[in-house]
Amino acid sequence: MDTSTTNGNEKVQICSSEFVVAVRDTLNVIRGKWKLPIIGSLCYGKKRFKDLENDIPKITPRMLSKELKELELNSIVTRTVYDTTPVTVEYELTPSGRKIRELLDAMVKWGLQHREAVMSTE
C-alpha cells in the first residue's frame, strides 16, 4: 500500500488496522443489492416511497421498506412524515448520506473504465 499522505487520509495510511476498520464501516452501511440504488436515487432530492419504488426496477415494497429502515438507522436517510390526508412520507439523504455521492461517482467512473477494458480484451 502506498504510504504517502497526499490524499488527506494520513491516519488511515499510517495504521493498516484503521484502513480495514474504515472500509468495513463503509461496507456495513452500503452492503447489499439495493442500498446504493436507493442512495443514488435520493442523490437527486427528496422522494416519496412510491417514487423510490418506481426509480428502482425489481425492488419489492417489502425490501425497499427494510433497506430504508436500515439506512435510517445508519443516519444515511431521514424519514419525514407530514400530517396530511393521506399521510405523506418523504425520504432524503442526511449530510453524511450526501457525502456518499462522491463514492458513487468514483464507483461509476471505475465501473465504466473497467467494463471498457474488459470488453476490449474479448
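So, helices here are DSSP runs of H or I with at least four residues, strands are E runs of at least two, and both are numbered from the N terminus. By that rule, Thr88 sits in strand β3, and I'll come back to that residue.

Quick housekeeping first. This is a predicted model, so local features need pLDDT of at least 70 and side-chain atom pairs count only at pLDDT 80 or more, while totals for chains, interfaces and linings use all residues. Residues are numbered from 1 along each chain as its sequence is written, and side-chain values use heavy atoms, with hydrogens and water left out.

Okay, the overall layout. The protein chain has 6 helices and 3 strands, and from the N terminus they go α-α-α-β-α-α-β-β-α. Of its 122 residues, 25% count as buried, meaning under 20% relative accessible area with a 1.4 Å probe, protein chains only.

Now the sheet. The 3 strands make an open sheet, ordered β1-β3-β2, with antiparallel pairing; two strands pair if DSSP finds at least two bridges between them. β1 (47-48) and β2 (77-82) are at the edges with a single partner strand each, so one side of each has no neighbour in the sheet. Between β1 and β3 there are 2 bridges, and Lys47 stands opposite Tyr91 in β3.

Back to Thr88, then. Is it buried or exposed? Thr88 counts as buried, because its relative accessibility is 14%. Its side chain makes a polar contact of 2.8 Å with the side chain of Thr84. Polar contact here means a pair of N or O atoms within 3.5 Å; within protein, one must be able to donate a hydrogen and the other to accept it, and residues adjacent in sequence count only if both atoms are side-chain atoms. Setting aside neighbours within four places in sequence, Thr88 also contacts Arg48, Thr80, Val81 and Tyr82, where contact means heavy atoms within 4.5 Å.

Last stop, the core. A nonpolar core is a set of buried Ala, Val, Leu, Ile, Met, Phe, Trp, Tyr and Cys residues joined through side-chain atoms within 4.5 Å. The largest one has 20 residues, and Ile38, Ile39, Ile76 and Val77 have the most contacts inside it. Elements giving two or more residues are α2 (16-30), α3 (35-42), α5 (61-73), β3 (88-93) and α6 (95-121). Which element gives the largest share of this core? That's α3, with 4 residues.

Have a look at Ile76 while you're there: not counting residues up to four places away, Ile76 touches Val29, Ile39, Leu71, Glu92, Leu93, Thr94, Ser96, Gly97 and Ile100.

Methods: Buried means under 20% relative accessible area, exposed over 50%, partly exposed in between (1.4 Å probe, protein chains only).
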